[in-house]
Amino acid sequence: ETCDLAIRGGTLVTATDQFSADIGIRDGRIVQIAESVSATEEIDASGLLVLPGGIDAHVHLDQPTSDGTVMADDFASGTRSAAAGGNTTVLPFAMQVKGSSLRQSVEDYHRKADGNCFTDVSFHLVISDPTPQVLGQELPALVRDGYTSFKVFMTYDDLMLNDTELLEVFDVARREQALVMVHAEGHDAIRYMTDKLETEGKTAPYYHAEAHAQIAEREATHRAISHAQLTDVPVVIVHVSGRDPMEQIQWARKRGMKVFAETCPQYITLTRDDLKGLNMDFEGAKYVCSPPPRDHDSQAAIWDGLRDGTFDLFSSDHCPFYFEAPDNTGKNNDRARTSFKWVPNGIPGVETRLPILFSEGVSKGRISIERFVALTSTNPARLYGLHPQKGTLSVGADADITLWDPELQATIRQDRLNHGSDYTPFEGLQITGWPVRTILRGQTVAKDGKPTAAAASGRHLKRGTSVTGYP
Ligand code: URP
Ligand code: ZN
Ligand code: ZN
Ligand code: ZN
């Protein structure tokens, strides 16, 4: 039995160890891991790391907005950018439109995605309107169809759920063994701060960082944890920005609760000072996301959490807007210039997530390379019901493989990226270690930072129950 493809001479890395071996691939799957494998086609991986393909478990693509701004990535450009950045699977959101059925919203997203993706894709749901019909019928049916996770928001006027609704959604999650992801920021506290700052004439983008105070994030994190305890359900606290919410997560874990946590590149590389722009000007809007980046002490806390296991996941929260775009469709729009509260929230980062964590983490000696693989591929696969098909290098798994040059030096530059945004918030960041080839089910989809696949070969993945959430 010969292989279609062999990857030879590299150092394989998993979440638990590293070793030299060749990989044999047939029909898109790993069929052999051995000292020497031969095949009709061979890739020389000597001097390279051979990693399970990156899984970005938190990306926003082609979501309609309520304010007329437009996301800078559709499924084609977003997944092309993901592939160039070493990812083979992304988990975007299918957001329920208020007033419409959840199933309808899921079908809308499939129409946008199907046939257009350069990575594999699987949707988390967003529950914005938990009607009895949604909670009683649609959600349970969708979970059984392989949409085994959903996100809820504790802020944003058009998305937030009240505490009763949160508890109701959590209850369905427990019954269906689904995983709830929580955007934990306290809405009323943010609104209070926003009103106060605006009254004082503080309307520049920078004040977004003051309005979205860490105290509000801490409070909401604790409230979400309390609701999860009451309903006896595992939860994921997404995009955790600093020490205060981390302490709430650790508090819950010490009491035996299943609380999982995610952090993102912006919380180890940016601070609130970036939102000042050049001189408290509108340039700061390029860094507006929620929760906002904090300070250097928070960054140090995040590193502790990445090392000590407080964090399970390192995702991009890629939520791409243009800075400059016509007809008020970008961040720099007429309304946003009147107040930070109208600046679209979110930054691009699906292509730079892996290089940033590798460079700042592995190359600088802050985390091991096995931990890097766990945070960026294996843990998301296990937590979100994709393991062992995805997230590891083992016989029988999909041949989703990223070849990584640990020595390659590069600088993050907008003109080298493949995303749709007209800027990167990480411009100028020096990187050591970069993905040189991304292989999706045995097929090379990106090489040296550029997409190679002629056709979009990504598939939609049905997911199983979270093995970490419901062991
Ligand atoms: O600012 C952000 N993070 N925008 C994306 C939406 C979300 O809350 O994840
Ligand atoms: Zn589909
Ligand atoms: Zn969020
Ligand atoms: Zn997000």
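**Figure 1. Ser 339 counts as partly exposed, with 18 C-beta neighbours inside 10 Å.** A residue is buried if 20 or more other C-beta atoms lie within 10 Å of its own, exposed if 12 or fewer, and partly exposed in between, with C-beta atoms placed from the backbone. The model is predicted: local features need pLDDT of at least 70, side-chain atom pairs count only at pLDDT 80 or more, and totals for chains, interfaces and linings use all residues. Residues are numbered from 1 along each chain as its sequence is written, and chains are lettered from A and ligands numbered from 1 in the order in which they are written. Ser 339 sits in the loop between strand E14 (313-314) and helix H11 (353-363). Helices (H or I, at least four residues) and strands (E, at least two) are DSSP runs, numbered from the N terminus. Leaving out residues up to four places away in sequence, Ser 339 touches Glu 198 and Thr 203; contact requires C-beta atoms, placed from the backbone, within 7 Å. Tyr 207 is 132 residues from Ser 339 in sequence, and their C-alpha atoms are 8.9 Å apart.

**Figure 2. Helix H11 is mostly covered, with ten of its eleven residues buried.** The buried residues include Arg 353, Pro 355, Phe 358 and Glu 360. Their packing partners are strand E6 (54-59), helix H9 (266-269), helix H10 (296-308), E14, helix H12 (369-383) and strand E16 (430-440).

**Figure 3. Lys 151 lies in strand E10 (residues 149-153).** UniProt, in an unreviewed entry, places the feature "modified residue: N6-carboxylysine" at Lys 151. UniProt positions follow the numbering used here, feature names are shortened, and annotations may be inferred rather than shown by experiment. Lys 151 has 21 other C-beta atoms within 10 Å and is therefore buried. Apart from neighbours within four places in sequence, Lys 151 is in contact with Phe 93, His 124, Val 126, Met 181 and His 183.

**Figure 4. Phe 150 also belongs to strand E10.** Phe 150 is buried, because 25 other C-beta atoms lie within 10 Å. Not counting residues up to four places away in sequence, Phe 150 touches His 124, Leu 125, Val 126, Ile 127, Ala 178, Val 180 and Met 181. Ala 455 is 305 residues from Phe 150 along the chain, and the two C-alpha atoms are separated by 30 Å.

**Figure 5. Helix H4 (residues 163-176) packs with helix H7 (residues 214-231) at an angle of about 45°, with axes 9 Å apart.** Axes are lines fitted to C-alpha atoms, for helices over the stretch in contact, and angles run from 0 to 180 degrees between N-to-C directions. H4 and H7 are therefore oblique to each other; angles under 35 degrees count as roughly parallel, over 145 as roughly antiparallel, 65 to 115 as roughly perpendicular and the rest as oblique. Residues in the contact include Leu 166, Phe 170 and Arg 174 of H4 and His 227, Ala 228 and Leu 230 of H7.

**Figure 6. Helix H2 (residues 102-113) and helix H3 (residues 132-144) pack at about 35°, with their axes 9 Å apart.** From H2, Leu 102, Arg 103 and Val 106 meet Val 134, Glu 138, Leu 139 and Leu 142 of H3.

Key:
Contact = placed C-beta atoms within 7 Å.
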